[in-house]
Amino acid sequence: MAKSKLFSWAAVILWMGVIFLFSNQPAVDSSELSSGITEFILTVAEKISPEASNHVDALHHVVRKNAHFLIYLILGVLTINALKKSGVRKIQSIVFALMICVLYAASDEFHQLFIPGRSGEVKDVLIDSAGAVAGIAIYLLLHKAREMKKHGKRWNDELSRI
């Protein structure tokens, strides 16, 4: 159990390091990365809808904001998993996981104030936090489903008890 706990916290810290590295990129480099992803999506989208290239700027914005959401969704999953492996149960694990993720998101946006061409945005903290909430919820749903399967229960049985 101690090895599992250590590994789960190492995953949280490693992922926070990945987030830090992305945030530490000057605006030009960060934009270049998301532009590459946007171009790939446009290439696929243009095969379905040729006028998709008319919306490059909007798509680029969506890609950037979805990246925020996704990286914090992963952080939410990793954080609540580490807390559960550390013996934190029930609502405390949810509250602590959310606090860790929101505080990290806020510190990440603050950090970006010192990076050339970047800015700290409150809306990005909100997007990051929403991603963390989604990650925590996904983890809890999967954990509940696994527990129900282990005990031979079904969702309908659980819902009828409410």
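Predicted model: local features only at pLDDT ≥ 70, side-chain atom pairs only at ≥ 80, totals over all residues.

1. Residues are numbered from 1 along each chain as its sequence is written, and side-chain values use heavy atoms, with hydrogens and water left out.

2. **Confidence.** The predictor's confidence in each residue is given as pLDDT, from 0 to 100. For the protein chain the mean is 82, with 71% of residues at 70 or more. Among the elements, please read helix α2 (residues 27-48) with some care, as its mean pLDDT is the lowest at 57, whereas helix α4 (residues 90-112) has the highest at 96.

3. **Overall make-up.** The protein chain has six helices and zero strands; these are DSSP runs numbered from the N terminus, with helices being H or I of at least four residues and strands E of at least two. Of the 162 residues, 30% are buried (under 20% relative accessible area; exposed is over 50%, partly exposed in between, with a 1.4 Å probe and protein chains only). Contact means heavy atoms within 4.5 Å. Among contacts with a separation of 6 or more, 68% link residues 24 or more positions apart.

4. **How α4 meets α5.** Helix α5 covers residues 122-150, and α4 packs against α5 at an angle of about 150°, their axes 9 Å apart. Axes are lines fitted to C-alpha atoms, for helices over the stretch in contact, and angles run from 0 to 180 degrees between N-to-C directions. The two helices are therefore roughly antiparallel (over 145 degrees; under 35 is roughly parallel, 65 to 115 roughly perpendicular and the rest oblique). On the α4 side the meeting residues include I94, A97 and L98, and on the α5 side they include D124, V125 and D128.

5. Where is G135 placed? G135 sits in helix α5 and is buried, with a relative accessible area of 0%. Beyond its neighbours within four places in sequence, G135 contacts L73, G76 and V77. G135 and L73 are 62 residues apart in sequence, yet their C-alpha atoms are 4.2 Å apart in space.
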